[in-house]
Every structure is written in C-alpha cells, then in structure tokens.
Amino acid sequence: MRFLFKTDYDQDLRLLQHGIRKFWYAVLLALLLAAPWMLPEYFTSQLTFILIYGIVGLGLMLLSGYTGLISLGHAAFLAVGAYTEAVLAAHGWPFPLSLAMAALLSAAVGIIVGLPALRVKGIYLSIATMAFGFIVEEVMARWESVTGGNSGLQVGVVSLFGFKLDSEESFYYLCLALAVAITLVMLNLLRSPTGRAFVAIRDSEISAQSMGINLARYKTTSFALSAAITGIAGALYAHKLRIIAPDQFTVLQSIELVLMVVVGGLGSIHGAFFGAAFLIALPQVIVLAKDYLPDAIGQATGLQPTVFGLILIGFVLFEPLGIYGRWLKIRTYLGMFPFYRRGMFKRQKAFMKSERLK
Amino acid sequence: MSLLRADAISVAFGGVRAVADVSFEVNQGEIFTLIGPNGAGKTTIFNLISLFYPLSSGKLVFDGRDLGGLSPHQVAGLGIARTFQNIELFEHATVLQNLLIGRHVHRKTSLAAEMLFLASARAAEREFREEVENVIDFLDLPHYRDTLVAGLPYGVRKVVELARALCTTPKLLLLDEPSSGLNVEETEDMAFWIDDIKNDLGITVLMVEHDMTLVSRVSDRVLALNYGEVIAQGTPAEVQSHPGVIEAYLGGAA
C-alpha cells in the first residue's frame, strides 16, 4: 500500500502521480519503441492497427465516455478522414498538411452532426448519428468522381519531409507518435476547464448549465474534437490499408467502435487502448480457437459476431467499467497485497438522483 | 439596496398558474426565505431566476440588469449560484473536481492553451485550486476531497453542493431546501454556515426552506407563498403569526 503525501497543489496536476507509475509507463514506452525489432512484421502490423483503433477510441471516448453523447456514426468520421487523406495525398499534398486537413474536415462535419445533439439526447441522438452514418456511406458509394465509388480508392505510402515511410516499422512509429501525442492532448484537456465541462455535461446537464457551462458550445466542441481525432485515425487507416472502399465504413463498423470503448471501459483513456487491443486480438483468438472447436460451432457462420455480442453482454452485466475496471481491480489487488478485501469495489446503488427538469 | 428584484413575475404551464404576479426584492447582504406548502411555487421561482423556464410575464432584475433575453448558462456569470432540492452533483467525479467545475465561470484559458497545458493553463489551475481549497476549509470538507461523489452519504452531498455553489464566488446564492434530508446536527451546521456565508463572505442568500426553526434563526425576511401567490411578507415572526399563513398550512375555519 502506497501513501502519497501531498505538499503542493501541483502534485495533483501531474499526469503521473508518483515515481512507480513513471517507471511503468517508461517501460511501456520502451517496449513499444522496441517492438518492431522484437516482433515479426505481422505483429508490428497488428500493433499498428491497435494504435490506429486506439486513436479512434480516444475520439469516441471523448464524446461518449466523457461528454455522455452516444454516437453510432463514428465510422463516418473515420471515412471522412480516410477519403480526405486519400484524395489529398493523390494530389501530392505533403502529409502533415493533408493530415491537418483530414482532421479539420472531419471536425467541420462533426460540428454539423453535433448540431442535432443540442436538441436530442440519448437514444434519439444515436439514431440521428446513425442516419448520418448511412448518408456518408451512400455519398462514398455514389460520388464516384472523387471517391471511386464501390471499387474503392488506392492510397500511396506516407512521405514525410522527403522520407518515404514504406516499411511496416516506419509507419508504426508514425502511428505511435501520433497516438502518444493525442493521448497527451486528451489528458491535458481532462485536467482543464474544458474537460471538466464535458464531464459535467455527462453527469448533469441541468447543474452544468447553472454552473455557467454553455451546453451548446461544449457539446459542439466535443463533437468537433472527437471527429477531428477520429479523422486523424482515418487518415492513418487509409495509409495502412492502402485501398479504401465504402464497405469498410459501414454502420456495423460504427457499432463495433462503440463496442470497443464499452468493452475497454467508458470514461478512461486506458479504455480506448484496451478496447482497441481487444477488438484487434479477438478475431485472431477466434481463428485460433476454431481448430479446437467441433465443426458445427467452429465452421458456423456468424461465430465472430456472436462471440462479440456475448462478451459485450458479459461486460455490461458484470464489469460496466470494462477492461479498465478489471485492470483497476487487479492493480489494487497487487498494490495492497495481501490486504485486499473482497467487496472493496462493490457497486453501490444510489437512489437519490432526480429526474426533474430533464 | 436591492440585489434582486422580481416585478410581478408569473409563469403558467398550460392552464396552471404556478407563479402568479409575485413581486419581491432581495436586499444586498440579507437572507431572504421563501416558504409555503408543497406546490406553492417556491422552486418554480428558483427555476425562473435560473432561467430554466421562460417568464410568462413580469420582469427579473439582478444587480441592475434585466435577466430577460439571457440564456441559462449566463446567469452564473452574473453572480447567481444555486443548489438543487434533490442534489444535482456530478456523480462520477471527485469532490475536488465538482468544486473545480464551480470555478468554470472564471475560466480565462483558451482551448489551445488547455490542450497543450501551457504555463497559463497551469497557473489558472493553481489559482482555481486555491479558491477551491478556501471553500473546502470553510465548509470543513478536507476529508472528502478525493472521494467520488457517488459514494458519499446524503448529508455530505448536500454540503458539497453548497460548496460547489460557493466556488463560483457568487453575489447571490439560491439555496433550495438546504436542510431537507439532514439530521438535527447537520441542520445546525447548515444554519451556522448560512450565517457565516452572509456575515463572513458577504453573500446575499435567497432560500427555500421548510424547517421553521432554521428559517426563524437565519432569515432576515420571509415571503410566504401559496398556490403561486404571495400571502405574507415580513420578518420571520410576523409571517409566522400571519393569519393567511396559518390558514395555508393548517386549513381555515371553513
């Protein structure tokens, strides 16, 4: 058990609260930096996917996990980012500029989608965003002069300041750098008034308002930032896949993204990456497991969605905080060993929330 | 000098006149209490001041400024803070974070500065923290600083909500039933704090309260309402002995 003696307000402003945590994050970063040398190329590629999905997760986490606005149309922002990048790269724009454009354009679309969010809540908002997802899907398929329609669009490799990032490792490092940068930006936001305003909106709109938080402004900001982050991930996604087509950005994909943040743990930065790792690793595990299952199950169609669904139900029922919640428990268990008591994380139900004025 | 003036304010929901032509003035530095039976329109008046409902008619003037035409989130910026009858805290945040949200009206940093957490953002956070710590000391909350609100007992939540309202450094504090759900001891504390808020912090208080002991102890003036109409106004003693008030609470001699 560790006790932190706080002698300075700055201690609470630090991102890493104490030395031991600093050490572990340094180890993690070192491992991530060394990964391409230690792992076969295939795993580096999977790790790249985890980072890209992790960035999407951060975007969606900001919106759903921190601001409490559910979006079932996030694949559309991914698509906007991916297509912007693909088209601009084909026109020879330098990568930093085209990436910025992908983020900006997604943010602009995010603001447009965010506008109904000022009026509708909960399930109605998710339907509105889902409708938006359908629209974008359709636009991608029909606007053939720009998007290439259903036959898709080729995307070249990233060239950054004259270097071509054509190897698996170099692109991995690019994704790693962006993922770290975006994580830091998110952490900074969350320890500042804007991030707190998002959390306030999530927990009680009525009192957020009476604390002087402009709901319209902050909800729109949240949508814009979330879309921009997702757009950046979209740009990376386009370069990773090398060919993009509308069927990669369907509403099903959006739902998978929501599943990712819920399983990872809503309302935590860790959750975005845990969820991404889960989303990438699970299909592999299922493929591996297929060999050991009886044919009736192993060869059945729809095995993967079924397993996904079951796992989601399991998490919602038993671990609403997702993998991050489980991780917290394990960390506390180890940190307090051998004094951990059962029931330390027992969930309490509070019956004092008012539904007035909602 | 009057800080808040309600000029014949009314609000009707469909055919129901929840507040009908109510006029009152809250003077700078006093504790003004609204009393009345359930459904008398006390909380509705609070919600009118918070601009959650639009006025059907009448005028609200705060600190020489007409509240008409403003949005609900602008009210806090003028210096009006409030608590809620049923506690509206940010459940999944710590007490400290809740109180820091109270400082939101004093935000000066730009989004870009916050994203990069520049020196200006850090300095602003420190300043917020100092203000918040003053309130934590004032209301005796250090013990709960880092606890999640979701795990706090009712009585403490009530104090945290009061603290959050104080963190906005308001000119006028609206307290909606500060003693509801509190035990005798906690109500005592609350009475002391309300007194201190007036005397030490110099904040004007407008409150809705049912506990007449608390009302007579802290209030300077009382306004009694029934069915959205004013039935009496004056010192606590005057209002309590007013025949109309007695009739409203106990029923008339038919």
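This is a predicted model: local features need pLDDT of at least 70, side-chain atom pairs count only at pLDDT 80 or more; totals for chains, interfaces and linings use all residues.
pLDDT is the predictor's confidence in each residue, on a scale from 0 to 100. Chain A averages 88 on it, and 96% of its residues score at least 70.

Residues are numbered from 1 along each chain as its sequence is written, and chains are lettered from A and ligands numbered from 1 in the order in which they are written.

Helices (H or I, at least four residues) and strands (E, at least two) are DSSP runs, numbered from the N terminus, and two strands pair if DSSP finds at least two bridges between them. Chain B has an open six-stranded sheet with mixed pairing, ordered β6-β7-β8-β3-β9-β10. β6 (80–82) and β10 (229–234) of chain B sit at the edges with a single partner strand each, so one side of each has no neighbour in the sheet. From one strand to the next, the twist averages 20 degrees.

There is also an open sheet of four strands in chain B, in the order β2-β1-β4-β5, and its pairing is antiparallel. Its edge strands are β2 (16–27) and β5 (65–66) of chain B, each pairing on one side only.

| Strand pair | Sense | Bridges | A residue pair |
|---|---|---|---|
| β1(B) (2–13) and β4(B) (57–62) | antiparallel | five bridges | B:S10 and B:S57 |

Helix α1 (residues 42–49) of chain B lies across β3 (31–35), β6, β7, β8 and β9 (221–226) of chain B, at about 145 degrees to β7(B). α1(B) also lies across β1, β2 and β4 of chain B, this time running at about 70 degrees to β2(B). These angles run from 0 to 180 degrees between N-to-C directions, with axes fitted as lines to C-alpha atoms, for helices over the stretch in contact.

**Chain B: the domains**

An automatic or database domain assignment sets the bounds: domain 1 of chain B covers 1–74 + 172–178 + 204–254, and domain 2 covers 80–169. Their centres, taken over C-alpha atoms, are 28 Å apart. Twelve residues of domain 1 of chain B touch eight of domain 2 of chain B. On the domain 1 side, α1 and β7 of chain B each supply at least two residues, and β7(B) gives the largest share, five residues.

**Where the chains meet**

Chain B brings 37 residues to the contact and chain A brings 30. On the chain B side, α2 (72–78), α3 (95–102), α4 (111–116) and α5 (119–138) each put in at least two residues, with the largest share, five residues, coming from α5(B).

**A helix pair in chain A**

The axes of α8 (residues 168–190) and α11 (residues 215–241) of chain A come within 11 Å and cross at roughly 175 degrees. α8(A) and α11(A) are therefore roughly antiparallel to each other (angles over 145 degrees count as such). From α8(A), A:F171, A:C175, A:L178 and A:I182 meet A:I229, A:I232, A:L236, A:H239 and A:K240 of α11(A).

Technical notes: Two residues are in contact if their C-beta atoms, placed from the backbone, lie within 7 Å. Angles under 35 degrees count as roughly parallel, over 145 as roughly antiparallel, 65 to 115 as roughly perpendicular and the rest as oblique.
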